[in-house]
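Here is a short report on one protein model. Please look over the sequence and the structure before reading on.

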Amino acid sequence: MNRLAPLVALLFLAGCQSIAPNTPDEVPPVQDAAPATEQADAGEHGSFSQETLYALLVAELAGQRNRFDIALGNYVQQANATQDPGVAERSFRIAEYLGAEQAALDSALIWARNAPDNLDAQRAAAVQLARGGRYEESLEFMEKVLQGQGDTHFDFLALSAAETDPDTRAGLLQSFERLLKKYPDNPQLAFGKAVLLQQDGKSEEALALLEAQPSAQQQVPSLLLQARLLHALDRGDEALALLEKGLHRHPEDKRLRLTYARLLVEHERLDEAMSEFATLIQQNPTDDDLRFSMALVCMEAEAWREAIVYLEELIERGSHVDAAQFNLGRAQQALGDQNKALQAFAQVGAGNEYLPAKLMQSQLLYSLDRDEEASRVLAKARDEQPDYAIQLYLIEIEALSEHNRTTQAWKLVQQALEQYPDDLSLLYTRAMLAEKRGDLDQLEHDLRLIIEREPDNAMAINALGYTLADRTERHQEALELIEQAYRINPDDPAIMDSLGWVHFRLGNLQEAERHLRKAYAQFADHEVAAHLGEVLWVRGERREARTIWAQALQKEPDSAVLRSTLKRLTGSEAL
């Protein structure tokens, strides 16, 4: 791009000179722009005054010194004063570069009104009006672009209306319908109308409009919207076929192929999805987001070795490093290389994957009977990342509890509560450990303390109610607590299970069965299965009870609650 000629010379050479648009985003317009070849009619506006010349010279010099505020201020002022399209365009370009929305709108309007045959000017005004929510005015300018055979942005107008009120969208929809009657072959108008219909919940109508367009005219945004509508209407196979056909016409379009690949994943066609992601990476070798997506699809397909290749590439490239290390650990663990898995988990830094990585790392160490190492790892993590200390305590306590290290878990939760005496998660965890130790007084104390601080804590209320129902004779009190939890969260299957169990303990077998069946339908957990089976057994439905227990044992063969229920009722832990 040619260097901007000295402004003073330019201004004296032409009384009304346009200054070139279309500066690359990374280069400020006032720093590097070539003079436009087209000149406005000096006879129409007259030569610039000395005051205007000086103001524009100051603006250019300010831009050279990165004082864009002065440059923009002077250009906006002179655009208003002179109504010159060249000055207005220059003002618009600077405002757009700086993100000064009001200045961009004002300058674009001056430019468009004083250069009525300039399609760039009309388009700029239309886009800026749409950004400002002035859709009807925007359409007037966009129609001028359409009449001049220029590239329109009706798609932008429709998409920008997504967050507006229904009345505004309805008015805009009417305008689109009016224009479509005049210009029925304009694909952007059809797409814009379809977007507005979709926003109003008229998906089938929007889809019918897009399907009526000649396939040769359909642009990529229309294909993507049509595929989205088909998918939303549970016509995923048709969406895939449409995207596949679109890719034959637009094989290099990244959005189209990416949408196709993601839809393949949703339809569990993972091998085909991996092939599409491989093509995307080949077409876009520097796009690490695609590389990470490919790794995740490989993980989903349990193609562990392929996933490892992409994950190691990401780590080497310094991209998505923590997520890559976390998933690398998972992949290595799946392949049975526990040491490499531990090394990868240990490399995960603070962020979204940090706690899941520490959880996986500690669980793996405990499973390998490397308890002391696990404790050292988590203690060091608490020192290094104090913001995660409570969660790290909970991870270690849970791991110890799962591996029947109840005494160690109890000591650790006491230590944690000395540091964080008001943390309700730690109090709840101590209550659950107290139940394992048979210390129901401690359990009740901690849960009532939580309920006192959070009266709507359905989990704590339910836990107390269930324990009283299962471990004491305070059944009526338990019923009141569980019903309170149920009123707070009626869709929680754990609360439904508690409600069924307390009714069983009260002898209300029919009511117990009703609640337990509902809980089991939503969450076929082994504990719910044990409870429902026991109610059915007592009611004489022993064949069904055995069937439910057998199904649960297939999923949880080591379930202590199932085994104890079977032994108590049938005399044997096996069916």
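## Nonpolar cores

This is a predicted model. Begin with Met 294. Beyond its neighbours within four places in sequence, Met 294 is in contact with Met 274, Phe 277, Ala 278, Ile 281 and Tyr 310. Met 294 is also among the residues that touch the most other members of the largest nonpolar core, which has 61 residues. Leu 225, Leu 243, Leu 256, Phe 277, Cys 298 and Leu 311 share that standing.

A second core is separate and has 47 residues. Among them are Leu 427, Ala 463, Ala 469 and Leu 479.

## Overall make-up

The protein has 33 helices and 2 strands. Of its 575 residues, 48% are buried. Take the contacts between residues at least 6 apart in sequence: 49% of them join residues at least 24 apart.

## Helix α4 and Asn 74

Asn 74 sits in helix α4, residues 68–82. Its relative accessibility is 15%, so Asn 74 counts as buried; the cut-off is under 20%. Setting aside residues up to four places away in sequence, Asn 74 touches Ala 55, Val 58 and Ala 59. Leu 56 lies 18 residues from Asn 74 in sequence, with 6.6 Å between their C-alpha atoms.

## Helix α13

Helix α13 covers residues 220–232. The buried residues of α13 are Val 220, Ser 222, Leu 223, Leu 224, Leu 225, Gln 226, Ala 227, Leu 229 and Leu 230. One of these, Leu 225, is among the residues with the most partners in the largest core.

Which helices do the buried residues of α13 pack against? They pack against α11, α12 (203–211), α14 (236–249) and α15 (254–266). Just after α13, Asp 234 takes a positive phi of about 60°.

## The cavity

The structure holds 1 cavity of 30 Å³ or more. The volume of the largest cavity is about 30 Å³. Its lining is made of Pro 187, Ala 190, Phe 191, Leu 210, Gln 213, Gln 218, Gln 219 and Ser 222. Helix α11 (residues 187–199) gives the largest share of that lining, 3 residues. Ser 222 is also one of the buried residues of α13.

## The largest pocket

The largest pocket holds about 1,400 Å³ of space. Its lining counts 41 residues. Met 432, Glu 435, Lys 436, Tyr 466 and Glu 527 lie nearest the centre. Six helices each supply at least two lining residues: α23 (389–402), α25 (424–437), α27 (458–471), α29 (493–505), α31 and α33. The largest share, 7 residues, comes from α27.

Glu 435 belongs to helix α25. Is Glu 435 buried, exposed or partly exposed? At 27% relative accessibility, Glu 435 counts as partly exposed. Leaving out neighbours within four places in sequence, Glu 435 is in contact with Leu 440, Leu 443, Thr 467 and Arg 471. Thr 467 is 32 residues from Glu 435 in sequence, and their C-alpha atoms are 8.2 Å apart.

## Helix α31

α31 is mostly covered, with 10 of its 13 residues buried. These are Val 528, Ala 529, Ala 530, His 531, Leu 532, Gly 533, Glu 534, Val 535, Leu 536 and Trp 537.

The buried residues of α31 pack against α27, α29, α30, α32 and α33. Of these partners, α27, α29 and α33 each supply at least two residues of the largest pocket's lining, as does α31.

## Helix α32

Helix α32 spans residues 542–555. Its 14 residues reach 20 Å from first C-alpha to last, close to the expected 20 Å. Ala 545, Ile 548, Trp 549, Ala 552 and Leu 553 are its buried residues. Seen down the axis of α32, these buried residues fall within an arc of 135°, so they line one face of the helix. An α-helix has 3.6 residues a turn, so residues three or four places apart point the same way.

On the other side of α32, Arg 543 and Gln 554 are exposed. The buried residues of α32 pack against α30 (509–522), α31 (526–538) and α33 (560–570).

Technical notes:
Residues are numbered from 1 along each chain as its sequence is written. This is a predicted model: local features need pLDDT of at least 70, side-chain atom pairs count only at pLDDT 80 or more; totals for chains, interfaces and linings use all residues. Side-chain values use heavy atoms; hydrogens and water are left out. A nonpolar core is a set of buried Ala, Val, Leu, Ile, Met, Phe, Trp, Tyr and Cys residues joined through side-chain atoms within 4.5 Å. Buried means under 20% relative accessible area, exposed over 50%, partly exposed in between (1.4 Å probe, protein chains only). Contact means heavy atoms within 4.5 Å. Helices (H or I, at least four residues) and strands (E, at least two) are DSSP runs, numbered from the N terminus. The expected span of a helix is 1.5 Å times one less than its number of residues. The arc is that of the directions from the helix axis to the C-beta atoms. On a 1 Å grid over the protein atoms alone, a cavity is a set of points where a 1.4 Å probe fits but cannot get out, and a pocket is an open set with protein on both sides within 12 Å along at least five of seven lines; lining residues have an atom within 4 Å of a point. Grid points are joined across faces, edges and corners, and a volume is the space filled by probe spheres set on the points.
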